[in-house]
Amino acid sequence: EFVEAENRFEEMLSTARSRGVRKIGSGGYRDVYSGGSVAGDDCVIKISRGSLVHNEHVIELWTKCLTETDKTYVAPLVDWSPHGRWIIQKRADGRGNTTHVGENLHQEGFIVSDLNGTNVGVYNGRSVLLDMGQLVV
């Protein structure tokens, strides 16, 4: 039902809210929601408000560019919609070590365009980048 409503933005949000999903933040291109019964409390759902380019970039990085080592420095991507309207990521809490994440991703050949405390959290005891859309290959 959630996937079927992908191209009908307001219907998708209504379906999500009926399943316990609530808005917990927003960025330049997307709104961030708790996982609710759609994805679980250990995940967040990032829904594009307009252009799908940001989510499409994240999906491409996860599926084609990041090695298993690279993936240890980013919040894991769990699922995504066929057209990139939404992505589901594991939830990372707190503030992570920006220097650790930035240096390790740089050693792997990436630049983080907006590395700051709000873009780094802690997942499974390690610091991770929350917004892969900030990665430049």
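Gly109 follows H5, and its phi is positive, near 100°. Please keep in mind that this is a predicted model.

Now H5 itself, residues 98-107. At the start of this helix, Asn97 places a side-chain oxygen within 3.0 Å of the backbone nitrogen of Thr99. Which residues of H5 are buried? They are Val101, Gly102, Asn104 and Leu105. The cover over them includes helix H4, at 68-71, and four strands: E6 at 111-112, E7 at 120-123, E8 at 126-129 and E9 at 135-136.

Next is H3, residues 53-65. Its buried residues are His54, Asn55, Val58, Ile59, Leu61 and Trp62. Looking down the axis of H3, these fall within an arc of 155°, so they line one face of the helix. On the face turned away from that buried side, H3 carries the exposed residues Val53 and Lys64. What covers the buried residues of H3 includes H4 again, along with strands E2 (30-34), E3 (43-48), E4 (77-80), E5 (86-90) and E9.

Last, the largest pocket. It holds about 570 Å³ of space. The lining has 27 residues, and those nearest the centre are Val32, Lys46, Thr118, Asn119 and Leu130. Elements giving two or more residues to this lining are E1 (23-26), E2, E3 and E5. Which of them gives the largest share? That is E1, with three residues. By class, the lining has eight nonpolar, 11 polar and eight charged residues.

That is it from me.

Key:
Residues numbered from 1 in each chain as written. Predicted model: local features only at pLDDT ≥ 70, side-chain atom pairs only at ≥ 80, totals over all residues. Heavy atoms only, no water. Buried < 20%, exposed > 50% of the residue type's maximum accessible area, 1.4 Å probe, protein only. Contact = heavy atoms within 4.5 Å. Polar contact = N/O pair within 3.5 Å; in protein donor to acceptor, adjacent residues only side chain to side chain. Arc of directions from axis to C-beta. 1 Å grid on protein atoms, 1.4 Å probe; cavity = no way out; pocket = protein on both sides within 12 Å on 5 of 7 lines; lining within 4 Å. Points joined across faces, edges and corners; volume = space filled by probe spheres on them. Nonpolar A, V, L, I, M, F, W, Y, C, P; charged D, E, K, R; others polar.
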